[in-house]
Amino acid sequence: MGRLYLVRHGETEWNVQGRIQGHTDIGLSDKGQRQAQAVAHRLDGVCFHAAYSSDLSRTTETARIILAQQTITLTATPQLRERYYGVFEGLTVAERQARYPDMFAASLFNDLDFAPADGETMVQVGARMAAFVADLRERHLEETVLIAGHGGALRATLPALLDLPLKALWRLALDNCSLSIVDTYPESEGVGAVLRLFNDTSHLNGVNR
């Protein structure tokens, strides 16, 4: 059996402002750094065999804070980036509605094939995450792995891990620096993966006040 620790990155100033980040490289706020330190404290004693994050600074910062006392190398990859939101990036809800009213209206529906101009659909993100999961299972099936990612991309990762339809991601929500745990098994055992913990933020009780 292997175990995957999935952590969404800590808070950023754009999270607070309600701006879509996507591929825009925004670092952690002071609070986001404290959140990551809280995750590190919670996972103290967990020995990771491997660690992955996207190559955007809010996730690499989160991962490096968690791994500060460990000697493994963090693998930062664009494959784990957040969904690319094209012309929506950097905009608040009000700004999106004002500048792109038709696209904004279309974005309100749970349509896996919708993309803002120049952006990605969730089908594309799901395919990207499914490829990552397949490689992960091949490399680390029975190991303990940290994955520091983004809300949307991790939501698309879970259906691939749990053999669920991609549309299940619309029923999932992940908070900043939340912890989810998935156990992985060989396909020969007929299980594949089991979700043990989802979107747990109990370690942030003293940080989010």
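Colleague: Which residues lie nearest the centre of the largest pocket, and how many residues line that pocket?

Modeller: The largest pocket has 29 lining residues, and I20, E82, Y85, G152 and R155 are the ones nearest its centre. A pocket here is an open set of points on a 1 Å grid over the protein atoms alone, where a 1.4 Å probe fits, with protein on both sides within 12 Å along at least five of seven lines; lining residues have an atom within 4 Å of a point.

Colleague: Where do I start with the model itself?

Modeller: It is a predicted model, so local features need pLDDT of at least 70 and side-chain atom pairs pLDDT 80 or more, while totals for chains, interfaces and linings use all residues. Numbering runs from 1 along each chain as its sequence is written, and side-chain values use heavy atoms, without hydrogens or water.

Colleague: Back to the pocket: which elements give two or more residues to its lining?

Modeller: Those are α5 (101-107) and α7. The largest share, 3 residues, comes from α7. Helices (H or I, at least four residues) and strands (E, at least two) are DSSP runs, numbered from the N terminus.

Colleague: New topic. How many aromatic pairs does the structure hold?

Modeller: There are 3 aromatic pairs. One of them is Y5 with F48: the ring centres are 5.4 Å apart and the planes at 85°, so this pair is edge-to-face. (Rings of Phe, Tyr and Trp, its six-membered ring, pair with centres within 6.5 Å; planes under 30 degrees apart are stacked, over 60 edge-to-face, the rest tilted.)

Colleague: Where do Y5 and F48 lie in the chain?

Modeller: Y5 is in strand β1 (residues 2-8) and F48 in the loop between α2 (30-42) and β2 (50-54), so the pair ties together parts 43 residues apart in sequence. Y5 is buried at 9% relative accessibility, and F48 is buried at 2%. Buried means under 20% relative accessible area, exposed over 50%, partly exposed in between (1.4 Å probe, protein chains only).

Colleague: What about the rings of F88 and Y100?

Modeller: Their centres are 6.1 Å apart and their planes at 50°, so that pair is tilted. F88 is in the loop between β3 (74-77) and α4 (93-99), and Y100 in the loop between α4 and α5, 12 residues apart. F88 is buried at 2%, whereas Y100 is partly exposed at 27%.

Colleague: Which charged end sits over the ring of F88?

Modeller: That of R96, 5.7 Å from the ring centre. The cut-offs are NZ of Lys or CZ of Arg within 6 Å of the centre and within 35 degrees of the ring normal.
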